[in-house]
Amino acid sequence: MKDTYTYRIGENLYLNLTNRCSNRCTFCVRNGKETYEGYPLWLRGGEPTAEQVISEIGDPKKYREIVFCGFGEPTYRLAELIEICGYVHAAGGRTRLNTNGHGNAINGRNIAPELSGKLDGVNISLNAPDRARYEELCRPQIGNAWEEVLGFARKCRASGVNCWFSVVDCIGAAAVGRCRELAEELGIPLRVREMIV
Ligand code: SF4
């Protein structure tokens, strides 16, 4: 079976650039799963090139948004992500990144200026109101992961990137409330989404 580099859900086209991730979230849609929404998202034959993804996108105006979101953290493929964004914008489409917020640690530099102007929206998974809860829920494979998320969000905001935090409602109302306070302190919007099972 051919690997899934792009997949359609509703009016959006999603891009599955990598299976690498710096978290092992307890709630991840890939846990114990071969597919998501019927699409096999494990990349058995390796990660796609930007050219392969671009050829599958075709005309991005056919979709509401082109979203970087698959079975892994897209910022591992920063160069390809930027190249694909350039193509999508030149062809009149819109781009969004769903990220765990570890992109600066993954790439060893502040990547926010590189995202500016390339992404129309960046959804940063906050997931937890404090470090201890984050470690428990997301089981990060890098050090200071929760602080990385906050730092990435600050840098995105400073670079004028349209970004917001997201949390999954399964963390409970009290934790969501504390996330909301934290997001307000940082001046970054918070979106609460339902858990996907
Ligand atoms: S950051 Fe995203 S892809 Fe990575 S383990 Fe968590 S939910 Fe899954």
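Student: In this predicted model, over the ring of which residue does the charged end of R191 sit?
Tutor: A charge counts as over a ring if CZ of Arg is within 6 Å of the ring centre and within 35 degrees of the ring normal. The charged end of R191 lies 3.8 Å from the centre of the ring in question. That ring belongs to W164.

Student: How far is K2 from the ring centre of Y5?
Tutor: K2 lies over the face of Y5. For Lys the atom that counts is NZ, and the limit is 6 Å from the ring centre. The distance here is 4.5 Å.

Student: How many aromatic pairs does the structure hold, and are the rings of Y7 and Y14 stacked or edge-to-face?
Tutor: The structure holds 3 aromatic pairs. The ring centres of Y7 and Y14 are 5.4 Å apart, and their planes meet at 25°. Planes under 30 degrees apart count as stacked, so the pair Y7 and Y14 is stacked.

Student: Is Y7 buried or exposed?
Tutor: Buried means under 20% relative accessible area. Y7 has 2% relative accessibility, so Y7 is buried.

Student: And is Y14 buried or exposed?
Tutor: The cut-off for buried is again under 20%. The relative accessible area of Y14 is 13%, so Y14 is buried.

Student: Where does the ligand sit, and which residues are around it?
Tutor: The ligand sits in the largest pocket. By class, its shell has 3 nonpolar, 2 polar and 1 charged residues. The residues around the ligand are C21, N23, R24, C25, C28 and N100.

Methods. Residues numbered from 1 in each chain as written. Predicted model: local features only at pLDDT ≥ 70, side-chain atom pairs only at ≥ 80, totals over all residues. Heavy atoms only, no water. Near = heavy atom within 4 Å. 1 Å grid on protein atoms, 1.4 Å probe; cavity = no way out; pocket = protein on both sides within 12 Å on 5 of 7 lines; lining within 4 Å. Sits in = over half its atoms within 2 Å of the grid points. Nonpolar A, V, L, I, M, F, W, Y, C, P; charged D, E, K, R; others polar. Phe/Tyr/Trp six-rings, centres within 6.5 Å; stacked < 30°, edge-to-face > 60°. Buried < 20%, exposed > 50% of the residue type's maximum accessible area, 1.4 Å probe, protein only.
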